[in-house]
Amino acid sequence: MNRLLLNLALLVVFTSCLKEKPIERITNGELQTVQVNMGDTYQLQIFYDLENLEIIDTKDKDAWDLAFSGSDTSNHVILNSAKIMGAAFIPNTSLTDSLSTSGVTWVYEHHEGDGALSPFHDWENKTGVYLINGGFNHLGQNQPNHALQLALVNGALEVKYRRLNQQEIRTVTIPKMSNYNFYALNFANQNLHECEPPKNTWDIVFTVYTHIFDNNHAYAVNGVLLNRNKVEAAKISGNLEDLTFDEALSMTLSTQLDVIGYDWKFFNMQAGIFTIVPNYFYLVQSRSSARKKMRFVNFYNEQGMRGFPTFEVGGI
């Protein structure tokens, strides 16, 4: 038996039954080296297309706060995970009440992307106010806290909100945008935002995001998340060059957002730098079922600046 198969460590969470789909065989397995620039404060989110090996878009991670699903079958609401935002639901209250964050327990966007773990899970069936922890911007500065109420109005999301230390209530409606996974709102200027490119144009995003550790400790990590639209992946321990097409075809993949995640690197305390973890690579199935293999080789550019994930990618 191939030694690689004995060393596979697929770190997956199964969220649904596996459905068969056609797999595109990419016969050109030559690896190409790609480097993306997130900035040394990790302000930029890089949306990448693995099929065409190109950057689709670059976004400012601080540009939005709350987003509404574009799916006709979902009313999923999320906070900006890149800012470590949290929410706490206060039942049987209104925006005109005196509200405080004292003693509340914040619920954060979960790194796995499971809607049942979302701060706004089942929000349509709740009556009350959500307190919002504004989190931090890319410079580490605290962002304002808010209170808000949500309602569905003709299929769109009506958001009524105010800053906790102010009385002015603002109302903004986020429409259903079916070409996007989510469409977003910026609390400060009331503007609507394309928080990510159209869902059929990209596969993975390089970004800061919230990871929930033990005891509900939320921490900002720098890594890679999957597109929620049809993209799947597996994490593998072994030699990338040993992976055959038949082996890759037989692997079960996961839609868990952070299958690639952040732990392909670690902070070397002795050297004072991030170091790539050896013998990890990833199998990623794109939105149109093309399977690619990729591994990380660096987190720094040629000048030694951090925030430049560098990876090798190729067909199987």
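Reader: Buried means under 20% relative accessible area, exposed over 50% and partly exposed in between (1.4 Å probe, protein chains only); what percentage of the residues in the protein chain is buried?

Author: This is a predicted model, in which local features need pLDDT of at least 70 and side-chain atom pairs count only at pLDDT 80 or more, while totals for chains, interfaces and linings use all residues. Side-chain values use heavy atoms, leaving out hydrogens and water, and residues are numbered from 1 along each chain as its sequence is written. The protein chain has 316 residues, and its buried share is 48%.

Reader: How many strands are there in the protein chain?

Author: Helices (H or I, at least four residues) and strands (E, at least two) are DSSP runs numbered from the N terminus. On that count the protein chain has two helices, and its strands number 21.

Reader: What does the C-alpha trace of the protein chain span along its principal axes?

Author: The trace belongs to a chain of 316 residues. Its spans along the principal axes are about 65 × 45 × 35 Å.

Reader: Which residue in β21 does Q35 stand opposite?

Author: β1 pairs with β21 (306-315) in the antiparallel sense, over four bridges. Across this pair, the residue in β21 that faces Q35 is T310.

Reader: Which residue in the hairpin of β17 and β18 takes a positive phi?

Author: β17 (265-268) and β18 (273-276) run antiparallel and are joined by four bridges. N268 has I273 of β18 opposite it. Four residues lie between the two strands of the hairpin, and the one with a positive phi, near 75°, is G272.

Reader: Is Y42 buried or exposed?

Author: Y42 sits in the loop between β1 and β2 (44-49). Although Y42 is not a glycine, its phi is positive, about 60°. The relative accessibility of Y42 is 13%, so the residue counts as buried.

Reader: Is N279 buried or exposed?

Author: N279 is placed in the loop between β18 and β19 (280-285). Like Y42, which is not a glycine and has a positive phi, N279 has a positive phi, near 65°, as a residue other than glycine. The relative accessible area of N279 is 54%, so N279 is exposed.

Reader: What is the volume of the largest pocket?

Author: On a 1 Å grid over the protein atoms alone, a pocket is an open set of points with protein on both sides within 12 Å along at least five of seven lines, a cavity is a set where a 1.4 Å probe fits but cannot get out, and lining residues have an atom within 4 Å of a point. Points are joined across faces, edges and corners, and a volume is the space filled by probe spheres set on them. For the largest pocket this gives about 620 Å³.

Reader: Which residues that line the largest pocket are the closest to its centre?

Author: The lining of the largest pocket consists of 22 residues. Those closest to the centre are H76, G113, N181, R228 and N229.

Reader: Which strand supplies the largest share of the lining of the second largest pocket?

Author: The second largest pocket has a volume of about 470 Å³. It has 22 lining residues, and Y42, V208, Y219, A220 and V221 lie nearest its centre. At least two lining residues come from each of β15 (217-226) and β17. The largest share, four residues, belongs to β15.

Reader: Which strand gives the most to the lining of the largest cavity?

Author: The structure holds one cavity of 30 Å³ or more, and the largest cavity has a volume of about 410 Å³. Of its 30 lining residues, I78, S81, L225, R228 and L257 are the closest to the centre. β2, β5 (77-79), β14 (204-213) and β15 each contribute at least two lining residues. The one that gives the most, with four residues, is β14.

Reader: What distance separates the C-alpha atoms of H121 and I78?

Author: H121 lies in the loop between β7 (107-108) and β8 (128-133). With 42% relative accessibility, H121 counts as partly exposed. H121 and I78 are 43 residues apart along the chain, and their C-alpha atoms are separated by 9.4 Å.

Conventions
Pairing = 2+ DSSP bridges.
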